[in-house]
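Here are some friendly notes to read alongside the model. Take the points in order, and keep the 3D view open while you do.

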Amino acid sequence: MCFLQIIFYEDKNFQGRSYECNSDSTDLHSHFNRCNSIKVENGNWMVYERANNQGHQYFLKRGEYPDFHHWMGFNDSINSCRIIPQHRGTFRIRIYEREDFRGHTEEFTEDCPQVFEEFKYHDIHSCNVLEGHWIFYELPSYKGRQYYLRPGEYRRHSDWGAVNSRVGSFRRVQDLY
């Protein structure tokens, strides 16, 4: 069993008050006022701008993030986090052109750096994560806002926390701890 840990620091370059966390937390506000750097000792994590896993989402794997720009953050606000469970099996995701699993559909088992080139649509309105854990990115080449999807049905883009249906790329969460 691997010990999972993420360390949040109030200041850049791992300075200032810190908080060590080794489990999901829906409200980190009582532990620090702002977050300007993070060390992920082990595991894959999603950190969220607001409490209860709301707001902007950021995928972090093992490594050091000396300021919020290194995790593609928009500001120094992190208020909740969750561990992404390790998945050793196969990966499958089915994406749809329209809400409620309608319209053109395709199934993927690999990362997709350019959704439009593979799917012929700029938007994904619904999806079904059949196996594994995935991250949607708003822009091609794994850039822009990020959205964590675990196995299950997502009938509309708001189900995965997006404000619109634009998905430019997506990838599997497969880094092992």
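1. Let us begin with the aromatic rings. There are twelve aromatic pairs, where rings of Phe, Tyr and Trp (its six-membered ring) pair if their centres lie within 6.5 Å, and planes under 30 degrees apart count as stacked, over 60 as edge-to-face and the rest as tilted. One of these pairs joins F108 and F170 edge-to-face, with 5.1 Å from centre to centre and 85° between the planes. Because F108 belongs to strand β9 (residues 102–108) and F170 to strand β14, this pair ties together parts that are 62 residues apart in sequence. Strands here are DSSP runs (E, at least two residues), numbered from the N terminus.

2. A word on what you are looking at. This is a predicted model, in which local features need pLDDT of at least 70 and side-chain atom pairs count only at pLDDT 80 or more, while totals for chains, interfaces and linings use all residues. Residues are numbered from 1 along each chain as its sequence is written, and side-chain values use heavy atoms, with hydrogens and water left out.

3. Four strands make an open sheet in the order β9-β8-β10-β13, and their pairing is antiparallel; two strands pair if DSSP finds at least two bridges between them. At the edges are β9 and β13, each of which pairs on one side only. From one strand to the next the twist averages 15°, using axes that are lines fitted to C-alpha atoms (for helices over the stretch in contact) and angles that run from 0 to 180 degrees between N-to-C directions. Inside this sheet, β8 (residues 92–98) and β10 (residues 126–131) are joined by five bridges in the antiparallel sense.

4. Strand β1 (residues 5–11) pairs with β3 (residues 37–42) over five antiparallel bridges, and I6 stands opposite V40 in β3.

5. On the β2 side, β1 is again antiparallel and joined by five bridges. Here I7 has E20 in β2 as its bridge partner. The two strands β1 and β2 form a hairpin with three residues between them, and N13 in the turn has a positive phi of about 55°.

6. How many disulfides does a search of the whole structure find? The search finds zero, with a disulfide taken as a pair of cysteine sulfur atoms within 2.5 Å. The sulfur of C21 has its closest cysteine sulfur in C81, but at 3.9 Å that is too far for a bond. C112 is in no disulfide either, since the nearest cysteine sulfur, that of C127, is 13 Å away. C21 is buried with a relative accessible area of 4%, and C112 is buried at 1%.

7. Loops deserve a look as well. N79 sits in the loop between β6 and β7 (80–84) and is buried, with a relative accessible area of 16%. R50 is 29 residues from N79 in sequence, yet their C-alpha atoms are 4.8 Å apart. Leaving aside neighbours within four places in sequence, N79 is in contact (heavy atoms within 4.5 Å) with residues including T26, H29, Y48 and R50. Its side chain also reaches the backbone oxygen of E49 at 3.0 Å.

8. Finally, visit S165, in the loop between β13 (152–154) and β14 (169–172). Why does S165 count as buried? S165 counts as buried because its relative accessibility is 7%. The side chain of S165 makes a polar contact with the side chain of D123 at 3.2 Å. A polar contact is a pair of N or O atoms within 3.5 Å; within protein, one must be able to donate a hydrogen and the other to accept it, and residues adjacent in sequence count only if both atoms are side-chain atoms. Not counting residues up to four places away in sequence, S165 touches H122, D123, I124, H125 and H157.

Conventions: Buried < 20%, exposed > 50% of the residue type's maximum accessible area, 1.4 Å probe, protein only.
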